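This report describes the architecture of one protein chain for a reader who is new to structural analysis. Please keep the sequence and the structure in view while reading.

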Amino acid sequence: MKNKFLKKRVAILVFGMFLCTVAFGQSVTKDFHQTSLSNVLKEIELQTGLSVVYETKDIDRNKPITQSFKNTPVEKVLTAVLDEKTNFTIREKMIMIYKKEVADQEKLKSGIYSGVVRDDNNEPVIGASVTIKGSKTGTVTDINGKFSIETVEGSTLAVSYIGYATKEVILKDKTDLQISLREDQKLLDEVVVIGYGTVRRGDLTGAISSVKGDDLPKTGNTTVAQMLKAQ
């Protein structure tokens, strides 16, 4: 009976020593000076007894590390030496390092962004193009210059209209946007007004004739076509 009790105490003592060893092994004490990240990870393996697993494409193995650690928990060491685009998980006897996935649409703050587009005279711009830069998502302003578009926070809104400089707006938490477009004289010079709309000079495929208002009474023509033909 005494021997059994002694063996039990020894077993408890050994188990306790094992736990202390494991706990102690989860910390790192080392001064790193311009040490490559790969060598830092090797030192972590050496001091903790944990295996570090990662894909070479997920980290910059040559990244220089200059930091000092003294009995620092391995989690804090990893957080300090890895960049914000990298994550890690400690499971059993293994440290797994991996690249953070790009946040999906559900994780990003999405919603309906609305606003009004006006010109320099504070008049609504009708039919202005409103698109999400880098995507095919877009809309146009209505008769009051208003628009609404669904996207995620952080997207860039590109607003454009013939004769005006394109304006880009980075979408944040504000969903009621007031956008003002400024006339671009260079763009205006490229626009030609015709009988049924406006086109750019570069898009014209035929000849354009014009008649000044002062010259109209001087002609004996009765129709616009005849006046243009006379020119």
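A residue is called buried when its relative accessible area is under 20%, exposed when that area is over 50%, and partly exposed in between. By this convention, both Phe-32 and Phe-69 are buried. The model under discussion is a predicted one.

**Overall composition**

The chain contains 5 helices and 14 strands. Of its 231 residues, 26% count as buried. When contacts between residues at least 6 apart in sequence are considered, 47% of them join residues at least 24 apart.

In soluble globular proteins, nonpolar side chains tend to be buried together. The largest nonpolar core of this model has 19 residues, and the members that touch the most others are Leu-41, Ile-44, Leu-78, Ile-95 and Ile-97. At least two residues of this core come from each of the following elements: strand S1 (27-36), helix H2 (37-48), strand S3 (64-73), helix H3 (74-81) and strand S5 (94-99). Which residues does Ile-44 touch, not counting those up to four places away in sequence? They are Val-28, Gly-49, Val-74, Val-77, Leu-78 and Ile-95.

**Aromatic pairs**

A search of the whole structure finds 2 aromatic pairs. Their geometry is set out below.

| Pair | Arrangement | Centre to centre | Angle between planes |
|---|---|---|---|
| Phe-32 and Phe-69 | edge-to-face | 6.1 Å | 65 degrees |
| Tyr-161 and Tyr-164 | tilted | 5.8 Å | 50 degrees |

The angle decides the name of each arrangement: planes over 60 degrees apart count as edge-to-face, planes under 30 degrees apart as stacked, and the rest as tilted.

**Salt bridges**

Side chains of opposite charge can pair when their charged atoms come close. The structure holds 2 salt bridges. One of them joins Asp-58 to Lys-57, with the closest N and O atoms 3.3 Å apart. Are these two partners buried or exposed? Asp-58 is buried, with a relative accessible area of 10%, while Lys-57 is exposed, with a value of 64%.

The other salt bridge is formed by Glu-168 and Lys-133, whose closest N and O atoms are 3.1 Å apart. Glu-168 lies in strand S11 (residues 164-170) and Lys-133 in the loop between strand S7 (129-132) and strand S8 (138-140); the pair therefore ties together parts that are 35 residues apart in sequence. Glu-168 is partly exposed, with a relative accessible area of 44%.

**Two individual residues**

Ser-27 is found in strand S1 and is buried, with a relative accessible area of 13%. Leaving aside neighbours within four places in sequence, Ser-27 is in contact with Gln-47, Thr-48, Asn-71, Thr-72, Pro-73 and Val-74.

Thr-137 is located in the loop between S7 and S8. This residue counts as partly exposed, at 37% relative accessibility. Beyond residues up to four places away in sequence, Thr-137 touches Val-130, Thr-131, Ile-132, Ile-149 and Glu-150. How far apart in space are Thr-137 and Glu-150, C-alpha to C-alpha? The distance is 8.5 Å, and the two residues are 13 apart in sequence.

**Backbone angles**

Gln-34 has a positive phi of about 50 degrees although it is not a glycine. This residue lies in strand S1 and counts as exposed, at 53% relative accessibility. Asn-122, likewise not a glycine, has a positive phi of about 65 degrees. Asn-122 is placed in the loop between strand S6 (110-118) and S7, and at 51% relative accessibility it counts as exposed.

**The cavity**

The structure holds 1 cavity of 30 Å³ or more. The volume of the largest cavity is about 40 Å³. Its lining consists of Leu-37, Ile-59, Asp-60, Lys-63, Val-81, Leu-82, Asp-83 and Thr-86.

How values were computed
Residues numbered from 1 in each chain as written. Predicted model: local features only at pLDDT ≥ 70, side-chain atom pairs only at ≥ 80, totals over all residues. Heavy atoms only, no water. Core = buried A, V, L, I, M, F, W, Y, C linked by side-chain atoms within 4.5 Å. Buried < 20%, exposed > 50% of the residue type's maximum accessible area, 1.4 Å probe, protein only. Helix = DSSP H or I, 4+ residues; strand = E, 2+ residues; numbered from the N terminus. Contact = heavy atoms within 4.5 Å. Salt bridge = Lys/Arg side-chain N within 4 Å of Asp/Glu carboxyl O. Phe/Tyr/Trp six-rings, centres within 6.5 Å; stacked < 30°, edge-to-face > 60°. 1 Å grid on protein atoms, 1.4 Å probe; cavity = no way out; pocket = protein on both sides within 12 Å on 5 of 7 lines; lining within 4 Å. Points joined across faces, edges and corners; volume = space filled by probe spheres on them.
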